[in-house]
Each structure stands twice: as C-alpha cells, then as structure tokens.
Amino acid sequence: MPREDYEVIIGLEVHSELSTKTKIFCSCPTEFGGAPNTHTCPVCMAMPGTLPVLNEKVVEYAVKAGLATNCEISRNSKNDRKNYFYPDLPKSYQISQFDKPLCEHGYVEIETENGPKKIRLTRIHIEEDAGKLNHDPYGRGSLVDLNRAGVPLIEIVSEPDLRSSSEVEMYMKKLKSILEYIEVSDCKMQEGSLRADVNVSIRPKGSSKLGTRTEMKNMNSFRSIVRAIEYEVDRQVEVIDNGGTITQETLRWDDVSGRTFSMRDKEDAQDYRYFPDPDLVAIKLSDEYIENIRKNLPELPESRKERYIAEYSLTEKEANILTASKYLSDMFEKASKICGNTKAVANWLLSDVSRILNEKEWEPDRIPFAAESLAELITLIEKGTISSAIAKKVLEEMFETPEKMPSKIIEEKGWVQISDEGAIKEVVLKILAANMQSVTDYKAGKDKALGFLVGQAMKETKGKANPQMLNKMFVEEINKM
Amino acid sequence: MNITDLTVYELKEKLDKKELTVKQITQAYIDRIIEKEPDVNAFVTPLTDTALEQADKIQEKIDNGEISATYSGIPIGIKDNICTKGVKTTCSSKMLENFVAPYNATVTEKINAEGMIDLGKLNMDEFAMGASTEYSAFKKTRNPWNLNKVPGGSSGGSAAAVAAGLVPWALGSDTGGSIRQPASFCGVVGLKPTYGLVSRYGLVAFASSLDQIGPITKDVRDSAMLLNVIAGHDEKDTTSIQTEKKDYTKALKNDVKGLKIGVPKEYFGEGINSEVKAALEKAIDEYKAMGATVEECSIPIADYALATYYIIACAEASSNLGRFDGIRYGYRTPNYESLKDIFVNSRTEGFGAEVKRRIILGTYVLSSGYYDAYYKKAQQVRTLVKKEFDKAFEKYDVLITPTSPTVAFDIGVRSNNPLEMYLADICTVSVNIAGLPGISIPCGVDSQGMPIGMQIIGKHFDEETILNAAYTYEQRVKFRDKYQPEFKNK
C-alpha cells in the first residue's frame, strides 16, 4: 500500500525547562553550564537525610503555562515518585506527578493549510530534571555531573492529534512561542531546555483503530524532529507492507546517520512504581491564586499579531513571522520605539535579518545584537550617514561583532557616507573628465548615461558617496558645461 | 553523688549553682563509658576523644558569660541515623560504614546551638529496621538490666546508653515504635512526638510518612526539656508544622484529677504477656487512685495496624533506600563488569538481610498489578485508623496501652524469625500510622526483674497532656528510686 494511503498519528511529550532562578527542590542555581557538580548541594545530590522543598515559582510557572494553553488548573495536586535506577538520577527516583497533574484538558491552535486546527493537551505536569553522564576523557568510565539534577521541567503531553511532521513542527513552534511569551522558559533547544519525545503510529486511511506506536527520543532541533518522523513513518510503512508488525518500543534518533535505533522494547518496560512522595505536602491552589496568575498573563502571540496588523498595517504573513518568536517580536517593538520607524524595523527583520538567520540555521533568539543596534542602524540610514547598501554590510558585521554599535563599525571600517559638497564635487569632476562621451550622451537625451556616471562615482568612493548628492551634482555640472 | 545517675534537670541545677563543672560532668561520662561500654556496646562511633576539649571550650564560654543557651555543657548521644557534619553517620549499615555527612541534621544544629557535648553516635538496627538492635551490621547492643537480653530497637543503642548512664539523654527515631519499645525494654522514658512536630531534615529516611525524631531520657521532665530543644517548624522539612513555641516543662503539673483515660481492649488481648498486663492494670489503678477516670474502649481497626504498617513502611523504604546504589557515596562493590553489576552487587553486599527483606516487600507492594491490593488498600486502612483514634479522642484525653507485648527477650531468639520480631511493634505502630504522640514510661518489672513499659497516647500536638500524665504517674511510683539496671550476666 503506498504511503499516501496511510494516516500518520502523532502525539508528543514535550519537556520544557522552566527559567526559575533556583532548582525545583533546593536553592541551587539553574544556570546552564558551570564546572561539573558546582551547582549542587546536599539536597540535589540526594545525600541521605535530605528533604525536598517545592519551589513555589515552579508551580506558578506551570500554572501560567496551563492557562496560556487553555488548560483546567487542578486545585488539588501532588508530587509522586517515579522509581528507577540510573547513575544520573541521584535519589533513584524522579519527583514528578502521576495521577494528579497541575494542568489538564487544554489545547493549542496551529495554522494548517486547511485552516486552524486545535491540538488537544492531555496534561501539563511538573517534575525535576536528572543529571548528566560525561565520558571520562581518560577512558575510566562515566562521570556524573549533577548540575542539571533538580532543574524544574514541565512535561506537556498532547493527545494523538497530529497528522504529519509539518503539523508537529507547527505545534512545537507554537508551544515554544507561547512559553517564551509567558516567560516561563527560554526554550533553547540547543541547550536542551525544550525537547520532545514523539509517539508515532500509522493506520490505513479510514480506519478508526490506532496502530502500534513507537516512541522516539533524542531529537534536539525542529529539523531533526521532522527528519525522525519522516524516517519512522517510512520504516513503519515498509514493515507493514512486508507483512510485518510494529513492535511497541522506544527508539533513539541518531542525527548523524539519520536513522533510529531501538533502546528498549516492551518486554523490559520499566515498572516505575509510582507512589505519592511522602516528603512533600499536597499542592493546594486557591481560586484567587489561579485568577491572579490569569489576570497577569502577558500578551500572547495571537493578540500581538492582531495588534501588529491593526496598528502597524503589517500583512498577516509579516505579523505571523514577527510574532512567532517572542525574541524577534520584542526586538521589533523595542527597536521601533527607539528609532520611531516601525516599517523600516519590520523590513529589516523580515528581509535581511531573516535571510542571515536562515543561512546560519539559527532561531531568532540567537540574534546576537541588541534592539538598540538595529534602531541605530536605521537612524544612520535616515540621517544619510550611510547608504542602504552599506547598511547591509554593517548588518553582517553586527552578527560577527554584536558588542559593537553600528556607528562604531562604520567608524572603524571608514564606511561613513561622503556627504561633503566639496568632496562630492571633486569626485564628480574627476569622473566627468574621464567620461566625456557619457556627458555627450546625456546631453543628447540618453538618461541612462547619468546612471553610469553615478555608478562610476560610487565605485571610485567604494560606495560611500551620498547617491542623491551625486545625482544632483552631476546634473548641475553637466548643465554648466 | 554519682554524676551519671543524675537527670539532666539535676545536672543543670548543679551547673548553674557551680557545684559541678562541664569538665567534671564530661569526665564522669567518659569514665562511665570506659567502664560500661564494653558490656553494653551502645556506641557505633564514640566521640569521647573530642568531648573533653569541647567541654573546656564550653566551660570557658560559660565562665566568660558568652553562652546564654539552656543546656550548654550537657552531654548527649545521637542515634546513628541522624546526620552530624564531619562525623560518621552509618545507620549501622555496611552500606554507610564510612559515610560522613557533609551537613548537619536540623536537630543536630539545635543540639549544637545549645552547646551540648556529643558523646557519640549510637547503635541501632540497620536503617532503623528492627526491634532488637541485633540487625546492626557492627555490633549487638546489650540490655543494661540483663546483658543476655536485647535492648529493643531500633533505637536500642540510645535506650541502652541512657539506661546504663553512658549519656544523660539521647536522641532516637521512631517509625513504628523504635523509641518507645527500646525505652520500655531498658526502663527509661521514650517520647515519639506528633508527626510534624520535629524536623526530619537530616534523619536518614526509613519511612518518610512515619519517621519522627524524639528524646530518650531518664525521666519525664528531661523528656519535656529535650523536646523543647528539638521541636519546631523547619523550612527544610515541609511536613513539619508551624506551631507556636511551647515550654513543655510547664505542662508537668503533677495532677491528673479529671483526666479521661481510655484503655483500648485490643491492646490487652492475645499475645500480651500476663506480667505485662498485670503491671499495666496496676498502673491504671494508680491513675484511678490519683483521680483520673478510666474506661475500657475499643479501637477495632487496631488489629489491622501491623499489616498496614509493614506495607506502608516497606513501600516507602524501598524507594528511600534506592539512593544507596554504589554511585555517589557509601559502599560500592569491587565485583562489577557492568553498570547493573554495580547496582545489584553493591546493594546485595552492602545491605543486611532484614533491610533487603523490607526492600523486596516494599517493591512488591508498589508494583503495577499489586499497588491497588496492597499499597492503596493500606492507605485506606490508614485513614480508618486515624478516624478511629480521632473518635476515641472525642471521649478521652489519653489512651493507655502496653508499649510492647513482652519485656526484653533474649539475644538471638527472634533474630531469625522476622514475623515474631514484627510482633514486637504491635502496640506501637498504630500511633505512627495515625501520626499521634506517644510516650513510654516504666511501670514496673517482671519476675525476672526486667522493666515493663506503659504507653500513653495523646491527641495530635497535645504532647503536654501525655507528658503530664506520665510525669504525675512517675512522681507517684518513683520507679527510678526502686529499680536500677544491674548489668546481670556480666
């Protein structure tokens, strides 16, 4: 049966690291990096006798995430222990939530080719991250780094409502954008603060019975998620077409070889022996608490988009791109406010900045320079200090040396536009003397000749001459002849 | 006057009147330890080497008027499952034989802030699992009344040390009777506070929803005094309760007129030794004579308490003890070729038989397919136990039961029979299940001269009433004046 005759069913478990200052059960910093085991204390190292104390910010952030994704918030929730042995799990159990998650029954909306589609969320719960195993460079085994142990996470579980890898990408991007807008996670995929486990199954179109699913782990970019899904769907179709059956198993995606490997199958499925953590009291939330968070939720991407269309007369597409990333959107607003030229800021972000990001395969949050720099760049063009052509070169430099303001770059590179009348006149006279034929042509009515002369002058000045002034002065000087 | 016979209240009086110095007191205890510890084996790690130095420092501070704490210079012993920074905390397990905690338990901080002198870490059943201290991986502690008998457990080292005068008072921990039962066996006073009154931070967890730290002392006033030191909310333990600071010694009124005592018949039935029963009946008569009203009552669910206890305690223990995996601290097997080997062999070699038995039991009751039948059911019964006690306390101020169905038994007779060992907890476990406070005080001796314990159970956070009830009885019968440990069979 051809692939098109199968329906692809996908559900996601997205883990997002919360950007609280301290860990979920102790006061160690959550900061990324640091020498191994420096962001640790007796609690997150699971020293005997230590006890967890729930960080209230974690609950607040999770409730924010729940409200922003249309979830019902549980008034009565609790923490459970998920028991398993692994060297990066110091207590030998992860404190998570089992049967009473903080948030349930939500949805997010994505824009598909066939219009908007609601992806239902089963639940959002809070839990702690594990540590990390590093390979000992001297080959004596593995080294445990517990800096990440106890960093707060939310797990966002979707219903199997996704039907293609592109829907998954849209859904992930939407989630990322929501989490960024409500400022609960920085969602840096390269640092692992947003990651997804993907459950994939296929069934013949028209069938209502779900196929056996496999779970894929270890994808750390949108691109690898899409590739992994495409690979896995092809694999499942092939297995079924060859008369085989899909085994329920956990697969590890390998980005280098572009294929999945089996981690464990159902046979050795773990029994996590979940039970309520007796060290932690129940999480009870009042209506006022929840309403207070709801009232103070920041503007979400949808409403920002509508505002851009209405206030700045951007097209829907433009507004979509600008608002998809909170980082980009914030930069747009901030730069616009500083330089006062909204249209120009939008144009720069949507064209040249986006082009460079695409070349680098970077997400907008990796734009290295500040909104102030972009605003200054636009002001410099408006004031005639640089031409648009030079500005593009300055932008490239801003990506390389983001700490330097555009004015500094221009100064250092000697890219200041020549607007001095004397200097312009000197160049004009020099070019005219060397191109008398063009003068004759222009006088004979060939307007193109003027363009040629200006071009020569720009070449002479390495693009720094003010083009409007050149035009004006060429005409004046030719008329004098 | 024998210094080591004095209660802490008396020691404190003599210190205040300058009749004794800190050094004299410390030296007296060191001498006593040198004399009696070889018979009793109460300590895993004695700290007698550093105690005198500490005593000098504290005496100097007292002389310079730099110390305002109440119990400066009073020695203490600490059960070896309570973390003490820089000193080994072994839980009497090979697993933690060389473990030095990098931090202090909250109670240790409080003890240190008082300027008390830690004489050492006291023996216990491995990870507090047991009722005789025979499950210590290191040594068998002996009962000071008769060295052939067990001191009870799991805080057997603490109870034996107090009874033998090796420390004036001690801290124990109680998950199912581990303070009260050894106190009963050793003829001393053991108090298990209400769950949540004392911070568990730094107590190596056995069963988190049941564990409480409490005092083991020579008499009831000392018990109230040590409770004053250790009680109180701790932000590091969210299960510890915000309560107003109390002076429990103020509750000791030496008057029980009008006190309503319930005597639950379930605790006097089959399996309760007749001499124990007789001693309790006599004690109850004393209460009547002192003007209390006594009534028989019933807590039918009590019959299920032991089974419930072993399910919940083992379930929690199986998870709590997972961290002893050979990776970060504690024992690691030398025999491994794979990660799984490290986990399996470290635990197989590092834990004793009773600990493994309970881990296996706990793992089983939490397993999918069995969870509902065991763990969930046990939690439901737990709710019923609480309800029945709440109901009883609508009518009575305190309940009185034996602490243990028997007096101290001979070393070796039960250590290979887990079920019989578990029965030693039958009178005490329901108090932990319901989270109530309970105190054990001596109420006589049997025909062999072994002490018998009476358990007084109170309402949640009503330690005052049980302390007063215990104190008033103690003042009347003066057990300590009549009986002292004799170190029989030396």
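Reply: A nonpolar core is here a set of buried Ala, Val, Leu, Ile, Met, Phe, Trp, Tyr and Cys residues joined through C-beta atoms within 7 Å. A residue counts as buried if 20 or more other C-beta atoms lie within 10 Å of its own, as exposed if 12 or fewer do, and as partly exposed in between, with C-beta atoms placed from the backbone. The model is predicted: local features need pLDDT of at least 70, side-chain atom pairs count only at pLDDT 80 or more, and totals for chains, interfaces and linings use all residues. Residues are numbered from 1 along each chain as its sequence is written, while chains are lettered from A and ligands numbered from 1 in the order in which they are written.

The largest nonpolar core has 220 residues, and those touching the most other members are Ala62(A), Tyr171(A), Val198(A), Ile76(B), Ala170(B) and Ala470(B). Helix H9(B) supplies the largest share of this core, nine residues; helices (H or I, at least four residues) and strands (E, at least two) are DSSP runs, numbered from the N terminus. A second, separate core of 31 residues includes Tyr308(A), Met331(A), Leu374(A) and Leu395(A).

Ile76(B) gives a local view of the largest core. Neighbours within four places in sequence aside, Ile76(B) is in contact (C-beta atoms, placed from the backbone, within 7 Å) with Ile111(B), Met116(B), Ile117(B), Asp118(B), Leu119(B), Val167(B), Trp169(B) and Ala170(B). Ala170(B) in that list is also one of the residues that touch the most other core members.

Chain B also contains helix H5 (residues 156–163), which is largely enclosed by the rest of the structure because eight of its eight residues are buried. Those buried residues are Gly156(B), Gly157(B), Ser158(B), Ala159(B), Ala160(B), Ala161(B), Val162(B) and Ala163(B). After H5(B) comes Gly165(B), with a positive phi near 75°.

The contact between the chains involves 33 residues from chain B and 25 from chain A. On the side of chain B that touches chain A, H9 (305–320), H10 (339–350) and H11 (353–366) of chain B each supply at least two residues. H9(B) gives the largest share of that side, three residues. By type, the residues on this side of chain B are 15 nonpolar, 10 polar and eight charged; Ala, Val, Leu, Ile, Met, Phe, Trp, Tyr, Cys and Pro count as nonpolar, Asp, Glu, Lys and Arg as charged, and the others, Gly among them, as polar.

Some strands of chain A complete the setting. Strands S6 (residues 103–112) and S7 (residues 115–128) of chain A run antiparallel and are joined by nine bridges, where pairing requires that DSSP find at least two bridges between two strands. A hairpin links S6(A) to S7(A) through two residues, and Gly106(A) stands opposite Leu121(A) in S7(A). S6(A) is also joined, again antiparallel, to strand S2 (residues 72–73) of chain A by two bridges, with Glu104(A) as the bridge partner of Glu72(A).

As to confidence, chain B averages a pLDDT (the predictor's confidence in each residue, from 0 to 100) of 96, and 100% of the residues score at least 70. For the complex, the predictor gives an ipTM of 0.96 and a pTM of 0.88.

Notes: Contact = placed C-beta atoms within 7 Å.
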